[in-house]
Amino acid sequence: MRMIMQDSVEILSWMRHDQPTADELRLSGGLQVEDWPHARQVMHLSIQLFEATRPLHKYGKRALSLLERAALLHNTGMMVEARRHHKHSYRLINATPLPDFSEKQRHEIACIARYHRRALPSAEHEEYAALSASSRKRVSALAALLRIADAFDYNHDGRILGVAADPAHCTDKHWTITLRVRPLADIDEELEHAQEKADLFERVFDRKLHFVTLND
């Protein structure tokens, strides 16, 4: 309980700051998002999901950096239009030089953000088809994690504080993620949307995804 309360205070402290920091603006290449606290929370959860699923994807620090930047900017397209914001996010990110990344890597980041909702990656999509085979595999795996992280903050108020794998219940057919939840928080909507958006995860990793809250 002490760990949960400490995490809650830490996350709520960053959620009170609704404006980007100077470093966030630098990392974004100047792109804006409509909800910076949500962007930070999704990035936080994406990083933890990356670690919780490392035995499946086996990617390292560079892939994690792609996921982090995509998570931070996944909703930048909301500044243009809500309904198709995932496609606008792709366009804006792909057209904006980002510190620390090459043009090729920026394209991957844009694709990861593009697939955080709605349609799954498909060779029929021009932006995905342009990727190499290894890049397609990486984009699909990282987008699978971003979709779930975004669902975990469905209400944009940090109800899920952190996630981790439950090794005792991770097999070649199932993968179990434990959730640390803010005290008294109702996460029914978060769980419902996470299950819906687990479609790409289950396709990429060929495992059913299960969620368990620590305060069940």
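These legends walk you through several close-up views of a predicted model. Residues are numbered from 1 along each chain as its sequence is written, and side-chain values use heavy atoms, with hydrogens and water left out. Because the model is predicted, local features need pLDDT of at least 70 and side-chain atom pairs count only at pLDDT 80 or more, while totals for chains, interfaces and linings use all residues.

**View 1. The largest pocket and its lining.** Here we look at the largest pocket, with a volume of about 380 Å³. On a 1 Å grid over the protein atoms alone, a pocket is an open set of points with protein on both sides within 12 Å along at least five of seven lines, and lining residues have an atom within 4 Å of a point. The volume is the space filled by probe spheres set on the points, which are joined across faces, edges and corners; the probe is 1.4 Å. The lining has 18 residues, and H85, R117, D150, Y154 and K197 lie nearest the centre. Two or more lining residues come from each of α9 (133–152) and α10 (188–196), with α9 giving the most, 3 residues. Helices here are DSSP runs (H or I, at least four residues), as are strands (E, at least two), numbered from the N terminus. By type, the lining divides into 4 nonpolar, 6 polar and 8 charged residues. Asp, Glu, Lys and Arg count as charged, Ala, Val, Leu, Ile, Met, Phe, Trp, Tyr, Cys and Pro as nonpolar, and the others, Gly among them, as polar.

View 2. Helix α6 (residues 85–94) is largely enclosed by the rest of the structure, because 7 of its 10 residues are buried. Buried means under 20% relative accessible area, exposed over 50%, and partly exposed in between (1.4 Å probe, protein chains only). You can find the buried residues at H85, H86, H88, S89, Y90, L92 and I93.

**View 3. R114 in helix α7.** Helix α7 spans residues 103–114. R114 counts as buried because its relative accessibility is 5%. Leaving aside neighbours within four places in sequence, R114 is in contact (heavy atoms within 4.5 Å) with H86, K87, Y90, H125 and E127.

**View 4. Helix α3 and its cap.** Helix α3 (residues 36–52) has 17 residues and reaches 24 Å from its first C-alpha to its last, close to the 24 Å expected at 1.5 Å a residue. That expected span is 1.5 Å times one less than the number of residues. Most of α3 is covered, with 14 of its 17 residues buried. At the N-terminal end, D35 caps α3: a side-chain oxygen lies 3.1 Å from the backbone nitrogen of H38.

**View 5. L179 in strand β2.** Strand β2 covers residues 174–181. With a relative accessible area of 0%, L179 is buried. Leaving aside neighbours within four places in sequence, L179 has contacts including F152, I160, V163, L191 and F211. L179 and I148 are 31 residues apart in sequence and 12 Å apart in space, C-alpha to C-alpha.

**View 6. H174, also in strand β2.** H174 counts as partly exposed, at 32% relative accessibility. Not counting residues up to four places away in sequence, H174 touches H169, R207, K208 and H210.

Note on methods. A polar contact is a pair of N or O atoms within 3.5 Å; within protein, one must be able to donate a hydrogen and the other to accept it, and residues adjacent in sequence count only if both atoms are side-chain atoms.
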